[in-house]
Amino acid sequence: MALLTAENITVDVPILSVRARSLRSLALARARAVGGQIVDTGTNVNIVRALDNVSFQLKEGDRLGLIGHNGAGKTTLIRVLAGIYTPTGGSLRVEGKLIPMFDIGLGFDEELTGNENISLRGLVMGLSPKEIAARADEIAAFSELGEYLNLPIRTYSAGMMLRLMFSIATCVRGDIVLMDEWIAVGDANFREKAQQRTLEIVGNAGVLVIASHDPDTLLRHCNIGLHLERGRVKDFGPIQEVLARAGQLQKVRRDSVS
Amino acid sequence: MNGSMTESTRAKQDLRQILTHNHVWRALAAADIRSKYRMSTLGSFWITLATGTLALSIGLIYGQFFGQDIHSYLPYFTVSYITWMFIATVLNDCSNSLVAAGNLIKSSQMPIVFHVLRSVQRNFIVFAHNAVVVVLVWMFIRWPIGFDALLVIPAMILLFVFLTSTAITISVICVRYRDIPPLIQVITQFLFFVTPIIWYPEQLRFGSVILALNPIAYMLMIIRDPVLGRPVTLETWLGAILLTVVSTAVAMFMYRRFRSRIAYWV
């Protein structure tokens, strides 16, 4: 049973200059156009085709790694899958609960305490107060922040902040998990817990989609790869083959040998 | 998200969730207020203090210029002023609500309309704090309050719906056209003078048409007059209801039509 079907997804992104964003400039441009002369008012909107006819299907157990240079369309595609960007062409079919994991520090407020931020983040993620309460203990335990959770997070060190963010962000389970450049967290101690938790999420998810530049991460977590170039699908298939064809595999082998 | 969902269904679902998931935008607004006043002595009751001071100063002084009895002018101005502040700050804040929430819009699946409601609710919480000043003024002046005053409750509901709808429309336009906020400021400044806040509508001899054409006047009067024991005409109620219905229809149209574009514009 396909959990995620993307069919001919096309995304045209409007590039709005300052002039194009100005109602006044637009109104003046229209007024001038009556004369018949073509004048470049700078209010034209340029359109960039960020994704061009991207199609693929993912079934239960598929772990897709998105590969490509900066600007290839990985972030755009993953946001289309999350329902954040509506494709200008094509269709998307999603079955099951979808968890986007994009910004680890989303919705955090510096003045509020760790516990208050747990509630806040839970609300932003769409959890009910009951669900948040049920998870609060688990999150507190995982972060190992103890009494610090009663202090405003602006008193936290960067490492503590990451611990809290990671604990909250990973407390939900879903059928489809999307990760965009998920970062490495915390000190060596916490990093192992974080790796373990990431593996859990990956293991529990029906479908996983990861956008990453790190071939190592992709090889470890994914079984299929999608190589995007300039918004088009350049390659699709088993992750090893796609990485090899993309010239990425040598990098991993080279690094692990030296 | 299940199956394939069209954009119109998505927008409708968002709008429905305003009611079904109201705890989300209400809790976020409450957190915003808590955060803002966390480091202060009185906390959010600074709001009440600030408004109280202003209401008292202007109420006691301006009343003298209008030859009005302080006992009637002070409550009149206080109620008019706090209602006006609610309306004006919602109108000014909403021009930035969606733009400021850009990161949340692009990184989470929260219904986009919730960002607007968070802003309106935040201002409502401030309004509730300011309402305490009215209670304090009543304790000194004790103007008669009858059962008619209960009409303020449906009036508040109408006002909230009207402001939310207007805010949704304005914030959607402002995501696309970024030079609108100063225009809103100018409009609200103008509205302050043509709305009966510091003057009584009865005092107007010429130009009563501005009262009839000023939407804010209708919304202000249905809130203020029941509280002060002033009569509200049927025309005023009908006008307020009509304004609310029209603004809601426009907001729903704007949201359904442009929701899918907001993530690209922001």
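Tutor: Grid points are joined across faces, edges and corners, and a volume is the space filled by probe spheres set on the points. This is a predicted model, where local features need pLDDT of at least 70 and side-chain atom pairs pLDDT 80 or more, while totals for chains, interfaces and linings use all residues. Residues are numbered from 1 along each chain as written, chains are lettered from A and ligands numbered from 1 in the order written, and side-chain values use heavy atoms, with hydrogens and water left out.

Now the spaces. The structure holds two cavities of 30 Å³ or more. The largest cavity has about 60 Å³ of space. Its lining draws on both chains: A:Gly83 and A:Ile84 from one, and B:Arg10, B:Ile105, B:Ser108, B:Gln109, B:Met110, B:Ile112, B:Arg259 and B:Ala263 from the other. By class that's five nonpolar, three polar and two charged residues (Ala, Val, Leu, Ile, Met, Phe, Trp, Tyr, Cys and Pro count as nonpolar, Asp, Glu, Lys and Arg as charged, and the others, Gly among them, as polar).

The second largest cavity, with about 30 Å³ of space, is lined by chain A residues, including A:Ile118, A:Met125, A:Arg135 and A:Cys171. H3 and helix H4 (129-143) of chain A each supply at least two of its lining residues, and H4(A) gives the most, with three. (Helices, H or I with at least four residues, and strands, E with at least two, are DSSP runs numbered from the N terminus.) Seven nonpolar residues sit in that lining, plus one polar and one charged.

On to the open space. The largest pocket takes up about 790 Å³, and 35 residues line it, with A:Leu98, A:Met125, A:Gly126, B:Gln109 and B:Met110 nearest its centre. So B:Gln109 and B:Met110 turn up again, having also lined the largest cavity. Strand E5 (98-101) and helix H3 (114-124) of chain A, along with H1 of chain B, each give at least two residues to the pocket lining. That lining splits into 20 nonpolar, nine polar and six charged residues.

Finally, the chain contact (heavy atoms within 4.5 Å). Chain B puts in 34 residues and chain A 43, burying about 3,300 Å², with carbon and sulfur atoms giving 55%; that is accessible area, taken with a 1.4 Å probe, lost on putting the two parts together and summed over both. Two salt bridges join the chains (a side-chain nitrogen of Lys or Arg within 4 Å of a carboxyl oxygen of Asp or Glu). In one of them, B:Arg34 meets A:Glu116 at 3.1 Å, N to O. Helix H1 (7-20), helix H2 (22-37), helix H5 (102-107), helix H7 (152-176) and helix H11 (234-265) of chain B each bring at least two residues to the side that touches chain A.

Technical notes: 1 Å grid on protein atoms, 1.4 Å probe; cavity = no way out; pocket = protein on both sides within 12 Å on 5 of 7 lines; lining within 4 Å.
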